[in-house]
Amino acid sequence: MDLEDYRSKIVNCDYRILKVLEQRYNWVLKVSNYKEKNRKPILDKKREEGIRADFLKNMSHTYFKRYHEEEFIKIINAIMEVSRDIQYRKIYKKNIVLIGFMGCGKTTLGRILARKIGVKFLDTDYQIEKRLMMKVGEIFSTLGEEYFRKVESDVIKNIANGFHGVVSTGGGSVLNKSNVKYLKSSGKLIYLRSSAENIFYNLKRSTKERPLLKQNLNINYIQKFIKSRHEIYNKVKDYEINVDNMSMDKIIHYIYRIM
Ligand code: S3P
């Protein structure tokens, strides 16, 4: 056999892998229907551990088993990630987008929620920071708020162009109409409503810099600020959760119910 023969064997293997994957994901679609009907969560950690264990147990090629087990685990993990994505798209149909005032817990809740469901998580501020390689506070002080908002809008536009999962937004993102249009086209907007006292408490403990509150981190100012924003959050939201005195678990179960 020469090189081209080997290559054509590989192409044939890829073809068979693809066909088997399509078959596998067809069964996953059936699982989605079952889970949707019976309100079961997408992520089942025990089941995934079992799949991983079986996959490794069935590895018979001693050379690959000895030297490439880790890479094979990566492959089965990626296959399962796509399964979760397929289920998420089928069951939730839309992204879960968290909106609300600074310090109401969008990022913390979003990260936990995404982990529980087993889907991707995206935080708009983190995306902006990654793009500009600067922290939010630094962006505001060196490049200015207007520049920050421009990048924020671009990040949001990209979300609407294909992200699937849970999104937590910066508190000021929904002040821009076009951002709202993109966010709404991508998902359901959940307004996490919180009192000035709670927000003050959270912000006091937060390590993230809030340039818009820098000189005014007090309950009175926060109260006024929330008042000026509440109307817009209220107008654009699909759902609202009053997160004060609500445990993380309760909030998550409430989101499961409404989505
Ligand atoms: C802002 C909220 C911040 C961040 C920036 C501006 C706002 O995000 O985007 O400091 O205008 O409310 P968090 O809501 O996550 O604090």
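Biologist: How far is a polar side-chain atom of K106 from an oxygen atom of the ligand?
Modeller: That distance is 2.5 Å, a polar contact being a pair of N or O atoms within 3.5 Å. Keep in mind that this is a predicted model, where local features need pLDDT of at least 70, side-chain atom pairs count only at pLDDT 80 or more, and totals for chains, interfaces and linings use all residues. Residues are numbered from 1 along each chain as its sequence is written, and side-chain values use heavy atoms, leaving out hydrogens and water.

Biologist: And what about R229 and the ligand?
Modeller: A polar side-chain atom of R229 sits 2.7 Å from a ligand oxygen. For D125, a side-chain N or O atom is 2.8 Å from an oxygen of the ligand.

Biologist: How much of the ligand does the protein cover?
Modeller: It covers 99% of the 380 Å² of accessible area that the ligand has on its own (Shrake-Rupley method, 1.4 Å probe).

Biologist: Switching topic, which residues have the most contacts inside the largest nonpolar core?
Modeller: Those are I96, F101 and I117, in a core of 53 residues. Such a core joins buried Ala, Val, Leu, Ile, Met, Phe, Trp, Tyr and Cys residues through side-chain atoms within 4.5 Å, with buried meaning under 20% relative accessible area (1.4 Å probe, protein chains only).

Biologist: Where does that core lie?
Modeller: Domain 1 (3-91) and domain 2 (95-258) both contribute residues, so the core lies between them. The domain bounds come from an automatic or database assignment.

Biologist: Last one: is V11 buried or exposed?
Modeller: V11 counts as exposed, at 55% relative accessibility, the cut-off being over 50%.

Notes: A polar contact is a pair of N or O atoms within 3.5 Å; within protein, one must be able to donate a hydrogen and the other to accept it, and residues adjacent in sequence count only if both atoms are side-chain atoms.
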